[in-house]
Amino acid sequence: MSGDDQLPLEGLDIETQASGDGAHAQSAAAEAQGAALPVETQPATLGGGVASIESEPAGDNADRDALGLAHAPAGNTDEDTSVSPSMKEQSELEPDAPSSDCATLLKESSAAAPTSESAPGLEPPANETGTAVEDLEAAPSASIEVVASRPSALYFLTNRMNLNGVLSSRLIAPRESHDKYYVDLLEQVPGWVPLLTQPPTQALIEAVMVERGAGTPVVIEFPLDVAKEAELRQPVTYVPALALSQAVAIHFRKERDLREHRARGYKNIHPHDELLKVTPELFAGDVPGEVALTAPASSCQVNWRRIDRIRGAVNAALASVQSGEQLAVAAAFFGEVEFPPGIVLPEWISWCELGDHGEIAGRVAPAPDVPDHVGFRAVYEVLGELDTSDAWSPNAVLDGVTTRVQGAGLTADAVDALIRNLQRVRSIVNVEADFEPFRPTARGLVSAKALLLVLLRNELEELLAWPEEQTGVDDLTRVTAAVLAGRLRGVARETTSLRPLALDDLTAAWAVRVARGEGGALGEVQFSATTSGTSLELGGVELSAQAALLPDPVARYHKVADAKKESLRVAVSRAVGWPVTHRITVPTGATKTEDAGGFTILTVGEVQLTVSVNEKDFLSKLGTLDGGGKRKALATLDLENNLRLD
């Protein structure tokens, strides 16, 4: 993860830190000012790892029918978020962050998944792929010295700058997970995290401070149960990864060091004051003998960047929820497969689509006649490979998606529908057509509408703040768009105001399981819906509680007396923006004159106006309503019929 993405709060000055693997430079001006230059917001640089959050300002015709768009403001403004090298060199020392059958299999495997571990947050090189684990649990410690007595704790030794990355991702992972990195013990044991069974020697302490700008030494203390009992009598034990939620304490050598750490606050780091301690005796370096660090023979190959992006998608799904219906969509993305009869979701809204870190049991190729599934997978894959701090080009995204779609083996009709949607998106992004609120239409694909929203507002906070009245977005599209925005940004860089600590630690626990070769389900997911409300639990932890699911408006309509149904259809249609038929009956002999915007009828007889809505068409559209449209329809039904919504 890039430290440039870690943004200090309250405009605090920050020390100079350059991205890279070992080469950290400071400008002469910064040195002269004691590294106290105020730094403007800088975009994150993921590179090969997960970047920490940047603090950014708040967010400010078949082709036409393809997305189902109607009247609204024109245009779109894209800001250039690239950062010049000189600006990056003045950035703060910041936290590093990690750089169907399917549904049934996930449901069965989730029950066995652990439910309480801590959270990851570091990333590996972007070109690293897959997860290959060779009997990690059986990997022996490489240290050959034997500690005389059983230790009281385990210690991870690092420096203050790398601590920021741990805090932002809530994960301690191997060197490969870092992009912005200052040399510490991870450098010596690729693919592993070394835990000392005794306080560090002076040589080890000096090793984590060797690189300029690394800051003071820091020790993160863990309980003994994070390692195997058989390895506790070795000077060093090795684990694939650790969740920060398992930590007992974070130790500093001096009060001054702790004060310096507390002086800097970041929007993507959760409060952690309860862990902070000053323990000078841990840094005395008077432990006899030398400790040799040698990585075990087998190593875990994990794409930590991919892991961070998946965690970002999961987090964004939950962050987008505002109603029981949206909570059901998020639950489906988490892996839930059992819903009340009123909730009907596409099969591709599933954990199998989000958890693409490696080989996934039950993940199958999209059906050739389901363009939305192919569209979502293509967009999800393309966004997962991008880093907006390096470059951001909506047209390049569309090019990548189009290439994948054309090679996906879709039927001719499905390809045509998807390409037509993507062309409409491109015309809006390039300001060749106005962006207009979505309207219900069979031609508008959820994947294309969600992509359009992300291309116009790629920051999750800005996307979620976009009023529904301006977008016309439905529940499924809103949550799907959030998932795509989270995929693009990852979790470690995201502001904690959109990241519940409980979910951070649950997804971190999942990342640790992946590193151990135990990946699969996110955890045991439980969506509950009663007349009093809805809730979502993951691993036994309640993550969200929302209002009860809305009643079926079609059922409500059928309860109305036949004599009132015509006027009710008209009222509901006008409330949600559907067309209403107006028929004028003109007496024989009347004179009709067409004026600008109207008719003038001259007659001695009586003119009759009939207003109507075809019932079959009305019920068809009423049954597909969700989100704001469904709420408006139910409110009108309630008003017109004096029916209670509960």
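Buried means under 20% relative accessible area, exposed over 50%, and partly exposed in between, with a 1.4 Å probe and protein chains only. The model is predicted: local features need pLDDT of at least 70, side-chain atom pairs count only at pLDDT 80 or more, and totals for chains, interfaces and linings use all residues. Residues are numbered from 1 along each chain as its sequence is written, and side-chain values use heavy atoms, with hydrogens and water left out.

**View 1. R170 sits in the loop between α5 (160-169) and β2 (171-172).** Helices (H or I, at least four residues) and strands (E, at least two) are DSSP runs, numbered from the N terminus. R170 counts as buried because its relative accessibility is 8%. Its phi is positive, near 60°, and R170 is not a glycine. Most residues other than glycine have a negative phi.

**View 2. Strand β7 (residues 249-252) has buried residues pointing both ways.** A249 and H251 point one way, I250 and F252 the other. In a regular strand the side chains alternate between the two faces of the sheet. Strands pair if DSSP finds at least two bridges between them. Strand β4 (residues 217-222) runs antiparallel to β7, joined by four bridges. Here I220 stands opposite I250. Strand β8 (residues 276-278) runs parallel to β7, with three bridges. K277 in β8 is the bridge partner of H251.

**View 3. β7, helix α7 (residues 255-262) and β8 form a right-handed β-α-β unit.** A crossover is right-handed if, with the strands pointing away from the viewer, the path from the first strand over the helix to the second runs clockwise.

**View 4. Helix α9 (residues 324-334) is largely enclosed by the rest of the structure, because 11 of its 11 residues are buried.** Among them are E325, Q326, F333 and F334. G335 follows α9 and has a positive phi, near 125°.

**View 5. Helix α13 (residues 412-429) has 18 residues.** From first C-alpha to last, α13 reaches 26 Å, close to the 26 Å expected at 1.5 Å a residue. The expected span is 1.5 Å times one less than the number of residues. Buried residues of α13 include A414, L418, L422, R424 and V429.

**View 6. V431 follows α13 and lies in the loop between α13 and α14 (446-456).** V431 is not a glycine, yet its phi is positive, about 60°. V431 counts as partly exposed because its relative accessibility is 48%.

**View 7. The largest cavity has a volume of about 70 Å³.** α15 (460-464) and α17 (475-489) are the elements that give two or more residues to its lining. The lining residues are L453, L463, L464, W466, T471, V473, R478 and A481. Six are nonpolar, one is polar and one is charged. Ala, Val, Leu, Ile, Met, Phe, Trp, Tyr, Cys and Pro count as nonpolar, Asp, Glu, Lys and Arg as charged, and the others, Gly among them, as polar. A cavity is a set of points, on a 1 Å grid over the protein atoms alone, where a 1.4 Å probe fits but cannot get out; lining residues have an atom within 4 Å of a point. Grid points are joined across faces, edges and corners, and a volume is the space filled by probe spheres set on the points.

**View 8. L543 lies in strand β11 (residues 541-546).** L543 counts as buried because its relative accessibility is 16%.

Technical notes
1 Å grid on protein atoms, 1.4 Å probe; cavity = no way out; pocket = protein on both sides within 12 Å on 5 of 7 lines; lining within 4 Å.
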